[in-house]
Amino acid sequence: MKREKGTNIAVNGMISNYLHDYIFEGDELELSAPTGNFVLQETKNKKIFISGGIGQTPLLSMLETFDLNEKVQHDVVWIHACRNKEVHAFADKIKLIQNNHPNVSKYQFYDYIEESIADSSVLKGHIDFKKIEDWKFDKDSEYYVCGPRPFIKKMIEELEINQVNKEQIFFEEFGPKSL
């Protein structure tokens, strides 16, 4: 688990720091079942995963809930933003899933990008749907957004401006504060 260490207590990861400082190999923990309403809908609608930074973690779990030994039954589009290739967690795992399932496509947005990896699916800057070739907002798709608070707010505003129904947008903040 990554230790989230900020410059002050407000941005430190409460749980990650506690686990690093006080829990050791062999310790026993009492855990509860996950709670919340950020869950994959059981429909055949196209799924659009939009993640910022480590916010892709819950979305990767959702992707893995599909029976990946069989053909994914509907389209899945993954749009991810982070600083650069070096800090892109799970990139190889997501690429493997994409390579094994033609219904899964992905786009990466990096703040800093090497020219050698830039192509139609690796783009520079913050997420900008206009940069994605042939992008169309689909009112029947389900949009799952996860990342830090400012990222979520920006993505939801963008979806709503483009006529995506609020009932089709699901989001979860992944960070030290709650939205």
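Phe49 stands opposite Tyr144 in E5, where strands, like helices, are DSSP runs numbered from the N terminus (H or I, at least four residues, for helices; E, at least two, for strands). This is a predicted model, in which local features need pLDDT of at least 70 and side-chain atom pairs count only at pLDDT 80 or more, while totals for chains, interfaces and linings use all residues. Residues are numbered from 1 along each chain as its sequence is written, and side-chain values use heavy atoms, leaving out hydrogens and water.

E1 and E5 pair in the parallel sense over five bridges, pairing being assigned if DSSP finds at least two bridges between two strands. Five bridges also join E5 to the parallel strand E6, residues 169–173, and here Tyr143 stands opposite Ile169. From E5 the chain crosses through H4 to E6 in a right-handed β-α-β crossover, that is, with the strands pointing away from the viewer, the path from the first strand over the helix to the second runs clockwise.

Six of the six residues of E5 are buried, meaning under 20% relative accessible area with a 1.4 Å probe and protein chains only. Glu142, Tyr144 and Cys146 point one way from E5, and Tyr143, Val145 and Gly147 point the other way.

The largest nonpolar core has 21 residues, and those with the most contacts inside it are Ile50, Ile79, Ile127 and Phe129; such a core is a set of buried Ala, Val, Leu, Ile, Met, Phe, Trp, Tyr and Cys residues joined through side-chain atoms within 4.5 Å. Its largest share, five residues, comes from H4.

Terms used. Buried < 20%, exposed > 50% of the residue type's maximum accessible area, 1.4 Å probe, protein only.
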